[in-house]
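Hi there,

Here is the structure I promised to pass on. Please have a look at it first, and my notes follow below.

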Amino acid sequence: MLDFPSTLKEVLDTFKLCLSENKEVYLEHYVAGWRGLVKFLNCLGSVFGFISKDAVNKIKILVTHMEGENGSQYVTVQSMVKYELDNELVDLTKRGIHPESGCRTLLRLHRALRWLELFLERLRTSNEDGKTSVMCSESYNESLAQHHPWMVRKAAGMAFCVLPGRPAFFEVMNVGPPEQVVAMLGEALPLISDVYQITEEFYAQHNMLDLP
């Protein structure tokens, strides 16, 4: 069993570092935050494997860009978007020769981040007999589902059905009192939300929320 509290603290610490003074999103810390989220998902079992495996692949693509010869252009989300748009390195209307552009790759992680944010917020604010399967499904339907084909949505819905109830969920996490987890989630979620909203607004400004 992974040490969930340290993983959650890792997520908290990295998302704290994500934003610059002028609200730019540092890719290095965004990727580090996602590495922590992947550990969190793996901690919850194979139910979330279809999300965590895809996230790992997307992280690798971003790291390749960040460590490549043009790595200086991939310091922030904002600098990446400007660089790829200026150099026509992103497919805007149909999939073409840049399926692994930084912009497209980050958008996929961005959408998954919204699902996680919604799910964790429901988990944080629910009562003891709250059904995590319902929370997870509702969060998925409000976010990722609209970007997934029918077969993936069907598989996800079936996977969520086997999630344990809220008390068992906290027990599986191998954490102390539930209020301890709730408190840490209460600290982490606003940070994740800030990063999400800033990225969402920036992508919207450049008409990039529906990259193929």
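What is the mean pLDDT of the protein chain, and what share of its residues reach 70 or more? The mean is 88, and 93% of the residues reach 70 or more; pLDDT is the predictor's confidence in each residue, from 0 to 100. This is a predicted model, in which local features need pLDDT of at least 70 and side-chain atom pairs count only at pLDDT 80 or more, while totals for chains, interfaces and linings use all residues. Residues are numbered from 1 along each chain as its sequence is written, and side-chain values use heavy atoms, with hydrogens and water left out.

Among the elements of the chain, helix H4 has the highest mean pLDDT (97) and helix H8 (residues 166–172) the lowest (71). Where pLDDT is low, the predicted coordinates should not be read in detail. Helices here are DSSP runs (H or I, at least four residues), numbered from the N terminus, as are strands (E, at least two).

Let's start with H4. Helix H4 (residues 77–86) packs with helix H9 (residues 178–205) at an angle of about 20 degrees, their axes being 11 Å apart. Axes are lines fitted to C-alpha atoms, for helices over the stretch in contact, and angles run from 0 to 180 degrees between N-to-C directions. H4 and H9 are therefore roughly parallel to each other (angles under 35 degrees count as such). Val 77, Gln 78, Met 80 and Val 81 of H4 meet Ile 198, Thr 199, Phe 202 and Tyr 203 of H9, where contact means heavy atoms within 4.5 Å.

Just after H4, Glu 88 has a positive phi of about 55 degrees.

Thr 76 lies in the loop between H3 and H4. Is Thr 76 buried or exposed? Thr 76 is buried, with a relative accessible area of 5%. Leaving aside residues up to four places away in sequence, Thr 76 touches Glu 24, Val 25, Tyr 26 and Leu 27.

One more helix pair: the axes of H5 and helix H6 (residues 132–141) come within 8 Å and cross at roughly 150 degrees. Residues in this contact include Trp 115 and Phe 119 of H5 and Met 135 and Tyr 140 of H6.

Enjoy exploring!

Terms used. Parallel < 35°, antiparallel > 145°, perpendicular 65-115°, else oblique. Buried < 20%, exposed > 50% of the residue type's maximum accessible area, 1.4 Å probe, protein only.
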